[in-house]
Amino acid sequence: MHYAHILARFCYNHNMDNDIFEALFEIVTFFNQPQQDRQLLKQANLTLEPAALPIIVRIGRQPEISIGELANQIGRNHSSISRQVDKLVTAGWLVEVERRDQRIRQLTLSDQGKRALLQIKVAREAGLRQHLADYSNSERIELLQVLQRLAKTLTTPDNPDDNQ
């Protein structure tokens, strides 16, 4: 009987963990759809390719990021990101930071890129506000707290001493 209780608890947690993963997967899918990026750029009144959106946003959040780090975070290959970055530099959205190491290109937003990022943020906030219109203020606060905790949990490196 004791084992049945443990097994039932494991199955419940396993199913709940899977449900959490499935919900996160749906959220990531929503945000990664090119149609969402096109709509966001349209609402922000920007004439950027959807492939440029994650580059602008990431560089805005992490000034002086390298192309390699950018490619890694976005999940595209280095040469693809490099070509897109070249277009954005030529168009005036990005600038290269003075190179300390000739092998590593680091990027930051130009003034035009900073204005674009602000327009993206305003449009994104308006869209999210619309999607969360049925949430009460307390539900929104709770959602924010849970998401911030989850983000911290997922991005904090494991301490090997914690596993002993």
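Student: Which residues form the negative surface patch?
Tutor: Asp17, Asp19, Glu22 and Glu26 form that patch. Keep in mind that we are looking at a predicted model.

Student: Okay, and where does Asp19 lie?
Tutor: Asp19 is part of helix H1, which covers residues 2-32.

Student: Which residues gather in the patch of positive charge?
Tutor: You'll find Arg58, Arg61, Lys121 and Arg124 there, on the surface. Two helices, H3 (53-61) and H6 (111-131), each supply at least two residues of this patch.

Student: Which residue meets Glu49 in a salt bridge?
Tutor: Lys87 does, with 4.0 Å from N to O. This pair links distant parts of the chain, 38 residues apart: Glu49 is in the loop between helix H2 (34-43) and H3, while Lys87 is in helix H5 (residues 78-90).

Student: What about Arg105 and Asp86, how far is it from N to O there?
Tutor: That salt bridge comes to 2.8 Å. Arg105 lies in the loop between strand E2 (94-96) and strand E3 (106-109) and Asp86 lies in helix H5, so the pair ties together parts 19 residues apart in sequence.

Student: Why is Arg105 called buried?
Tutor: Because its relative accessible area is 15%, and buried means under 20%. Asp86, at 35% relative accessibility, counts as partly exposed.

Student: New topic! What does the side chain of Thr155 reach?
Tutor: It reaches the backbone oxygen of Ala151, at 2.7 Å. Thr155 belongs to helix H7, residues 137-155, and counts as exposed because its relative accessibility is 62%.

Student: Last one, zooming out: how many helices and strands does the chain have?
Tutor: There are seven helices and three strands. Along the sequence they follow the pattern α-α-α-β-α-α-β-β-α-α. The chain has 164 residues, and 24% of them count as buried.

Definitions and conventions: Residues numbered from 1 in each chain as written. Predicted model: local features only at pLDDT ≥ 70, side-chain atom pairs only at ≥ 80, totals over all residues. Heavy atoms only, no water. Helix = DSSP H or I, 4+ residues; strand = E, 2+ residues; numbered from the N terminus. Buried < 20%, exposed > 50% of the residue type's maximum accessible area, 1.4 Å probe, protein only. Polar contact = N/O pair within 3.5 Å; in protein donor to acceptor, adjacent residues only side chain to side chain. Patch = residues over 30% accessible without salt bridge, like charges linked within 9 Å, V, L, I, M, F, W, Y side chains within 5 Å. Areas by Shrake-Rupley, 256 points an atom, 1.4 Å probe, with all protein chains shown as cover. Salt bridge = Lys/Arg side-chain N within 4 Å of Asp/Glu carboxyl O. Lys, Arg positive; Asp, Glu negative; His and termini not counted. Charge placed at Lys NZ, Arg CZ, Asp CG, Glu CD.
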